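Reader: Please show me the model. I will then ask about it piece by piece.

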Amino acid sequence: GLAVEVCTRIQNGSLEIDANVTLSSSNGTAEAPGDFTAIEQDLTFSANENSICWTVNSTNDVILEDDKDFMLTLTTSDDRVNLSLSEATITILNDDTVTIGFEQPQYSATEGSD
């Protein structure tokens with residue numbers, strides 16, 4: 001499949017203790033598992049860590065279709081952690097093609113036949 005690196009970053013403040021957020025994906029026009037690998041993952045920002053990056057995988061297929069998208073969401077149960085830009089859209093750009101042609105290069109018909 002295809003992959004994209006996605007990062008989440010501390011927007012304001014700094015950490016002296018760990019901070020936890022949960023990353024999850026949800027279907028849009030793209031649906032797991034056919035179009036992408038679903039995500040449900042806890043992320044821990046360690047003290048003095050400013051960003052965490054991970055890879056989001058899409059499924060490589062040979063289907064001619066429109067571009068599709070799905071959502072990534074950050075949540076937390078820690079009331080000391082404020083979320084900003086807690087949703088992101090991932091768009092899977094379709095790169096498939098289809099080939100259409102005749103089954104054979106030449107055809108013949110008998111004159112006067114139906």
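Reader: Is Cys-53 buried, partly exposed or exposed?
Author: The classes rest on relative accessible area: buried is under 20%, exposed is over 50%, and partly exposed lies in between, with a 1.4 Å probe and protein chains only. Cys-53 has a relative accessible area of 37%. Cys-53 is therefore partly exposed.

Reader: What sort of model is this, and how are residues numbered?
Author: This is a predicted model, in which local features need pLDDT of at least 70, side-chain atom pairs count only at pLDDT 80 or more, and totals for chains, interfaces and linings use all residues. Side-chain values use heavy atoms, with hydrogens and water left out, and residues are numbered along each chain, as its sequence is written, from 1.

Reader: Which residue forms a disulfide with Cys-53?
Author: A disulfide is a pair of cysteine sulfur atoms within 2.5 Å. Searching the whole structure gives 1 disulfide. The sulfur atoms of this pair are 1.9 Å apart, and the partner of Cys-53 is Cys-7.

Reader: How many residues apart are Cys-7 and Cys-53, and in which strands?
Author: Strands (E, at least two residues) and helices (H or I, at least four) are DSSP runs, numbered from the N terminus. The link of Cys-7 and Cys-53 is right-handed, with 105° about the S-S bond. It joins distant parts of the chain, Cys-7 in strand S1 (residues 2–9) and Cys-53 in strand S4 (residues 51–58), and the separation is 46 residues.

Reader: Which element has the lowest mean pLDDT?
Author: pLDDT is the predictor's confidence in each residue, from 0 to 100. The chain has a mean of 88, and 96% of its residues reach 70 or more. Among its elements, S5 has the highest mean at 95, while the lowest, 81, belongs to S1.

Reader: How many residues are in the largest nonpolar core?
Author: A nonpolar core is a set of buried Ala, Val, Leu, Ile, Met, Phe, Trp, Tyr and Cys residues joined through side-chain atoms within 4.5 Å. At least two residues of the largest one come from each of S2, S3, S4, strand S5 (68–75) and strand S6 (87–92). Trp-54 and Leu-72 are among those with the most contacts inside this core, whose residue count is 18.

Reader: How many bridges join S5 to S6?
Author: Two strands pair if DSSP finds at least two bridges between them. Within this pair, Leu-72 has Ala-88 in S6 as its bridge partner. S5 and S6 run antiparallel, and the number of bridges is 6.

Reader: Which residue in S3 is the bridge partner of Val-21?
Author: S2 pairs with S3 in the antiparallel sense, over 6 bridges. S2 is also joined to S5, antiparallel, by 5 bridges; there Ser-25 stands opposite Leu-72. On the S3 side, the partner of Val-21 is Leu-43.

Reader: Which side chain makes a polar contact with that of Asp-35?
Author: Asp-35 is in the loop between strand S2 (19–26) and strand S3 (40–45), and it counts as buried because its relative accessibility is 11%. A polar contact is a pair of N or O atoms within 3.5 Å; within protein, one must be able to donate a hydrogen and the other to accept it, and residues adjacent in sequence count only if both atoms are side-chain atoms. At 3.4 Å, the side chain that meets this for Asp-35 is that of Lys-68.
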